[in-house]
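Please read this short report alongside the sequence and the model.

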Amino acid sequence: MRKIFTKYVVLVLLVLAVIVLFQRIQWLPSFGDWFKSKPVEIENTAIVIKEINALAQLITVTAYNEVVIEEVIKGGSLFNNPVVPTLLNVPDLKYVNKKLVLVGKGKILAGVDLAKLTDKDIFVKGDSVSMKLPKPMILQVIINPSDYDTFEETGSWTDAEARAVKLKLRDKLIITVLRQNILQKAAAKAKLLMENFLTASGFKKVTVITTPNQL
Amino acid sequence: MFFKKYSPVLLLCVLCMSCNKKEKQLQQVMALQQMNDLATVEYVVTKIIKANDNKTWYKIGDRKILMSCKATLTAGIDLAAIKPEQVNIEGKRITLTLPHSKMISVNIKPEDITEAYESVDVLRQSFTSQERNGLAIQAEQQINASIGELGILQTAETNAALFVNNFLHRLGYETIKINFDNLATPKN
């Protein structure tokens with residue numbers, strides 16, 4: 001009797017082992033997959049080119065940073081009129097607070113916009129050149145959808161509410177990066193780059209002046 | 001006896017189960033990085049994000065969403081890649097070899113992703129912020145994958161040649177010839 005029982009147990013174990021093995025080599029779907037939500041996939045829709053703009057931006061510094069933002073929207077009263085709970089002698093019931101905590105990894109590109117160079121900014125005499133560069137600026141702030149990480153989300157956040165939090169996160173990123181003196185560094189690098197370019201262009205005496213940024 | 005006989009099979013199964021852990025790569029990023037890029041073109045592209053959540057068999061009811069997404073793609077050239085031997089000057093004549101263009105950035109701003117329509121059945125919950133962001137990530141991946149077909153790199157080279165030509169003209173050169181480095185290939 002015991003021998004038959006052991007035989008059946010081993011047989012069941014073996015069958016289970018074979019199933020697990022087949023799942024490992026992906027010949028069978030795993031048990032977890034049967035009750036797993038299927039990912040929502042977007043359709044491959046067309047990409048439409050709306051604008052093509054010519055640029056002349058000299059990008060000299062990229063700053064990377066990670067910022068966290070926490071936003072709480074307090075739940076309002078269930079009653080439209082604040083007098084109602086008092087009149088009915090019931091507690092002022094409120095909706096649950098909504099909370100969204102986002103982590104954003106972004107990058108900021110800084111440099112000078114050479115499209116702002118005017119004829120007055122360039123002075124050439126023989127083999128000497130003098131140039132006044134436009135003031136350095138933040139050219140792009142990049143936090144793409146893949147750069148956000150939702151750490152906590154409670155309550156129902158509308159598209160507009162979530163977007164407002166992302167915009168706050170972007171502002172926070174800009175403030176953080178500006179504290180690293182990114183604009184001064186961008187101006188210094190632009191000066192160096194332009195001096196090298198002008199020297200390579202055959203000028204013997206090169207003077208590049210940067211315009212200080214006013215913050 | 002039986003265990004002894006089948007122990008290699010069981011051992012193999014245990015080994016298979018234990019060999020699934022992948023080491024997570026640590027991402028290292030410099031806080032400040034110096035660059036030498038001249039951005040010469042910006043493409044503004046739009047895309048409709050269309051999704052229908054009806055694939056899970058045990059969830060009763062559908063959820064549909066339509067969002068519009070706008071991305072700004074920037075391309076240009078690396079100015080530091082111009083070497084002295086790539087510049088040839090003869091009086092008022094200059095010949096310059098520029099490096100091929102490259103993608104500089106793909107920027108999808110939060111304000112450029114807007115929900116246009118959402119339909120949720122009674123037994124389903126509306127899309128969370130995280131789920132909406134997940135759909136936007138897929139759109140971002142599709143945009144990244146189609147960069148090569150947009151012709152942005154070619155436009156970036158044309159604009160770079162035009163800008164450098166005008167710039168050198170301002171510096172007093174009368175005959176300007178601009179080539180692109182044939183050895184290097186454009187990179188996305």
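This is a predicted model: local features need pLDDT of at least 70, side-chain atom pairs count only at pLDDT 80 or more; totals for chains, interfaces and linings use all residues.

Residues are numbered from 1 along each chain as its sequence is written, while chains are lettered from A and ligands numbered from 1 in the order in which they are written.

**Chain A**

Chain A has five helices and seven strands (DSSP runs numbered from the N terminus: helices are H or I with at least four residues, strands are E with at least two). Their order from the N terminus is α-α-β-α-β-β-β-β-β-α-α-β.

| Property of chain A | Value |
|---|---|
| Radius of gyration, over C-alpha atoms | 31 Å |
| Box filled by the C-alpha atoms, along the principal axes | roughly 110 × 70 × 35 Å |

For a compact globule of 215 residues, the radius of gyration would be near 17 Å (the rule is 2.2 Å times the number of residues to the power 0.38).

**The sheet in chain B**

In chain B, three strands form an open sheet in the order β3-β4-β7, with mixed pairing (two strands pair if DSSP finds at least two bridges between them). β3 (87-90) and β7 (175-180) of chain B are at the edges with a single partner strand each, so one side of each has no neighbour in the sheet.

β3(B) and β4 (residues 93-98) of chain B run antiparallel and are joined by four bridges. B:I89 has B:I94 in β4(B) as its bridge partner.
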